[in-house]
Amino acid sequence: MSIKKQEKRLANQEGMPLTRRHFVQASAALVSMPFFAQNAQANLDKSLPIANIDEKPATVVATCSTFDCGGKCDIRAHVKEGIVTRITTRPDADLDEQMPIMRACVRGRGYRKFTYHADRLKYPMKRVGKRGEGKFERISWDEATSLIADNVTRLTQQHGAASRFLTVNTAVTGGIFSGDTMMKKLFNLTGGYLPYYHSVSLGNTAKVTPYTYGVSKTGSSLDTLADTPLVILWGHNPNETIFGHTNHYFQKMKNNGTKFIVVDPRYSDTAQSLADQWIPLLPTTDNALMDAMMYVIVTENLHDKAFIDKYVVGFDEDHMPEGVPANESLMAYLLGK
């Protein structure tokens with residue numbers, strides 16, 4: 001049947017006109033329904049343990065989101081017969097708008113499935129095939145610890161303590177019990193190790209802050225931002241990453257009139273809830289946008305000249321060190337020289 005006849009037939013059945021656009025939209029929805037139904041069925045994880053259903057109340061264990069997450073949001077594990085039966089968070093009735101209490105997001109509420117996932121390692125595994133083949137066999141804890149200790153001892157004797165490199169990790173527990181922290185303590189007792197510096201998330205900031213502010217740690221607590229007239233979130237999506245109490249204070253600031261500009265290729269959850277202006281720059285063009293902003297600032301004399309004269313090297317030709325060739329300053333770059 002042609003689309004035109006379909007439209008006419010449907011219009012007669014409903015007693016109302018149906019445009020080609022409506023017909024295509026309805027058809028697409030009907031076509032997609034089996035896929036949604038199929039996916040919904042496929043997501044039923046039969047590997048999750050199930051506790052007996054009875055009237056005995058579950059024990060509610062208050063904890064927080066700790067798996068590589070800076071949010072540490074409120075999580076409550078309902079435990080029955082040693083099994084986590086569900087995850088909840090702070091109920092609406094207990095919320096206080098004046099207190100920055102964070103509630104678990106989808107990631108935190110999914111801890112039960114993470115805990116009981118079929119692919120989660122429950123015991124040591126030793127590779128028995130070639131590297132990359134994915135062939136492993138189960139070994140005992142005694143065999144695993146002996147294997148590790150023997151190789152650490154062997155490599156230390158052959159190459160020295162500097163061959164033992166420890167990098168940062170994101171352990172489930174975090175804090176003093178995280179894997180790299182405990183390994184540092186162990187290796188310090190047996191000759192030391194080769195360390196890393198900075199971190200996976202704060203490296204650039206930790207490096208540049210002393211040169212910018214004169215001290216290694218700077219910043220303002222979030223509650224001091226209440227009177228800030230403008231916030232620029234550049235590639236920052238706290239609605240999803242949920243680090244600290246950022247969302248609580250940003251929402252209060254939004255309600256009090258603070259303007260938000262979100263620079264992000266994606267129309268993120270943060271852009272949807274906060275942005276007065278969303279700038280969807282193309283990926284890898286951040287520096288071009290920053291250059292354009294600097295160009296406007298300096299060509300319209302909006303910069304703090306007194307600050308630059310006192311603290312900045314390399315801004316323009318008058319602020320360059322001796323011996324540097326001409327046109328190597330920031331201004332020369334911005335002006336195309």
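Predicted model: local features only at pLDDT ≥ 70, side-chain atom pairs only at ≥ 80, totals over all residues.
Colleague: What percentage of the contacts with a separation of 6 or more in the protein chain is accounted for by residues 24 or more positions apart?
Modeller: The chain exposes about 24700 Å², with carbon and sulfur atoms supplying 57% of that area. Among contacts with a separation of 6 or more, the share from residues 24 or more positions apart is 44%.

Colleague: Which element gives the largest share of the lining of the largest pocket?
Modeller: The largest pocket holds about 1300 Å³ of space. The elements that give two or more residues to its lining are α7 (203-213), β6 (230-234), α9 (246-255) and α12. The largest share amounts to six residues, and the element that supplies them is α7.

Colleague: Against which elements do the buried residues of α9 pack?
Modeller: In α9, the buried residues are T246, H248, Y249, F250 and M253. The helix is followed by G257, which has a positive phi near 105°. The packing partners of the buried residues are β6, α8 (238-241), β7 (259-263) and α10 (269-274).

Colleague: Is H319 buried or exposed, and why?
Modeller: H319 is placed in the loop between α12 and α13 (330-334). Its relative accessible area is 16%, and the limit for a buried residue is under 20%. H319 therefore counts as buried.

Colleague: Which residue is joined to H319 by a side-chain polar contact, and at what distance?
Modeller: Leaving aside residues up to four places away in sequence, H319 touches I308, D309, V312, V313 and G314. The side chain of one of these, D309, forms a polar contact with that of H319, at a distance of 2.8 Å.

Colleague: To which backbone oxygen does the side chain of T156 reach?
Modeller: T156 belongs to helix α5, which covers residues 141-159. An α-helix has 3.6 residues a turn, so residues three or four places apart point the same way. The side chain of T156 reaches, at 2.6 Å, the backbone oxygen of V152.

Colleague: What is the distance of the polar contact between the side chains of T156 and R164?
Modeller: T156 touches A161 and R164 when residues up to four places away in sequence are not counted. With R164, the side chain of T156 makes a polar contact of 3.3 Å.

Colleague: Why does T284 count as exposed?
Modeller: T284 lies in the loop between β8 (277-279) and α11 (286-299). Phi of T284 is positive, near 75°, in a residue other than glycine. The cut-off for exposed is over 50%. T284 counts as exposed because its relative accessibility is 76%.

Colleague: What is the phi of N301?
Modeller: N301 is located in the loop between α11 and α12 (305-311). Although N301 is not a glycine, its phi is positive, at about 55°.

Colleague: What relative accessible area makes L95 partly exposed?
Modeller: L95 is in the loop between β3 (83-88) and α3 (106-109). Not counting residues up to four places away in sequence, L95 touches R90 and R103. L95 is partly exposed because its relative accessible area is 36%.

Colleague: What distance separates the C-alpha atoms of F136 and P124?
Modeller: F136 is in strand β5, residues 136-138, and counts as partly exposed at 46% relative accessibility. P124 is 12 residues from F136 along the chain, and their C-alpha atoms are separated by 9.7 Å.

Terms used: Residues numbered from 1 in each chain as written. Heavy atoms only, no water. Contact = heavy atoms within 4.5 Å. Areas by Shrake-Rupley, 256 points an atom, 1.4 Å probe, with all protein chains shown as cover. Helix = DSSP H or I, 4+ residues; strand = E, 2+ residues; numbered from the N terminus. Buried < 20%, exposed > 50% of the residue type's maximum accessible area, 1.4 Å probe, protein only. 1 Å grid on protein atoms, 1.4 Å probe; cavity = no way out; pocket = protein on both sides within 12 Å on 5 of 7 lines; lining within 4 Å. Points joined across faces, edges and corners; volume = space filled by probe spheres on them. Polar contact = N/O pair within 3.5 Å; in protein donor to acceptor, adjacent residues only side chain to side chain.
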